[in-house]
Amino acid sequence: MLKLGSGPIAHISNASNKVMALKLNKLLQEFKPDIVISTHPFGSQMCTVLKKAGKIDCKIATIMTDYAPHDQWLVNFDLVDYFFVAHDGMKKALTEKGIDENKIFATGIPLSNRFLKHYNKLDILKDFGLQENKKTILFFAGRRIWPW
């Protein structure tokens, strides 16, 4: 049986996140936060790498923005202070994996009000030069542009 957060993808990302954690450490040393809140597994992984190495001592909160836990979220899970999950089923799944239930809060997944707006489908298709009679597939990812 694999230990939590030790699947093949978690192993690869953990190795790359050790390198990226060095850059993050510079930022954390400058700001000295009391808590780091991450909405992506890589952010949590980088912070736990730093915490494990004794480079940071702040709290780590992970907001799981998925509807089910997976290995990426659970790398070094024992160093995460708080888990915010989508529903009680996820809380139960994490407790069954041995994570202290007092560290897990079923709060739902945070959404921007932008997702509540209604748009005219035909106008959107026209704006992007797309045709109504053809299927459209959207692939996306995001990145945070830091204000400093």
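**Notes on the predicted model**

1. Let me begin with Asparagine 76, which is buried, with a relative accessible area of 15%. Here buried means under 20% relative accessible area, exposed over 50%, and partly exposed in between (1.4 Å probe, protein chains only). Asparagine 76 has a positive phi of about 55 degrees although it is not a glycine, and its place is the loop between β2 and β3. Helices (H or I, at least four residues) and strands (E, at least two) are DSSP runs, numbered from the N terminus.

2. A word on the basis of these notes. This is a predicted model, in which local features need pLDDT of at least 70 and side-chain atom pairs count only at pLDDT 80 or more, while totals for chains, interfaces and linings use all residues. Residues are numbered from 1 along each chain as its sequence is written, and side-chain values use heavy atoms, with hydrogens and water left out.

3. Lysine 32 also has a positive phi, about 45 degrees, and is likewise not a glycine. You will find Lysine 32 in the loop between α1 and β1. Is this residue, Lysine 32, buried or exposed? Lysine 32 is exposed, with a relative accessible area of 56%.

4. For the overall layout, the protein has 4 helices and 4 strands, and along the sequence they follow the pattern α-β-α-β-β-α-β-α. Of the 148 residues, 32% count as buried. Taking contacts (heavy atoms within 4.5 Å) between residues at least 6 apart in sequence, 48% join residues at least 24 apart. The accessible surface comes to about 11000 Å², of which 59% belongs to carbon and sulfur atoms; areas come from the Shrake-Rupley method with a 1.4 Å probe, and for residues only the protein chains shown count as cover.

5. Next, the strands. Strand β1 (residues 35-38) and β2 run parallel and are joined by 4 bridges; two strands pair if DSSP finds at least two bridges between them. Isoleucine 35 stands opposite lysine 59 in β2. Strand β2 (residues 59-63) has 4 of its 5 residues buried, so it is largely enclosed by the rest of the structure.

6. Which residues have the most contacts inside the largest nonpolar core? They are Met64, Leu74, Phe83, Val85, Leu94 and Ile99, in a core of 22 residues. A nonpolar core is a set of buried Ala, Val, Leu, Ile, Met, Phe, Trp, Tyr and Cys residues joined through side-chain atoms within 4.5 Å. At least two residues of this core come from each of α1 (8-31), α2 (41-52), β3 (82-85) and α3 (88-96), and the largest share, 4 residues, is from α2. In soluble globular proteins, nonpolar side chains tend to be buried together.

7. Leucine 94 deserves a look of its own. Leaving aside neighbours within four places in sequence, leucine 94 is in contact with Met64, Pro69, Leu74, Phe83, Val85, Ile99 and Ile104.

8. Finally, the surface. Tyr119, Ile124, Phe128 and Leu130 make a nonpolar patch of about 440 Å². Patches are made of residues with over 30% relative accessible area and no salt bridge, with like charges joined within 9 Å and nonpolar side chains (Val, Leu, Ile, Met, Phe, Trp, Tyr) within 5 Å; a salt bridge is a side-chain nitrogen of Lys or Arg within 4 Å of a carboxyl oxygen of Asp or Glu. Tyrosine 119, in the loop between β4 (104-106) and α4, is exposed at 56% relative accessible area. Not counting residues up to four places away in sequence, Tyrosine 119 touches Arg114 and Ile124. Leucine 130 sits in the segment after α4 (121-127) and is partly exposed, at 37%.
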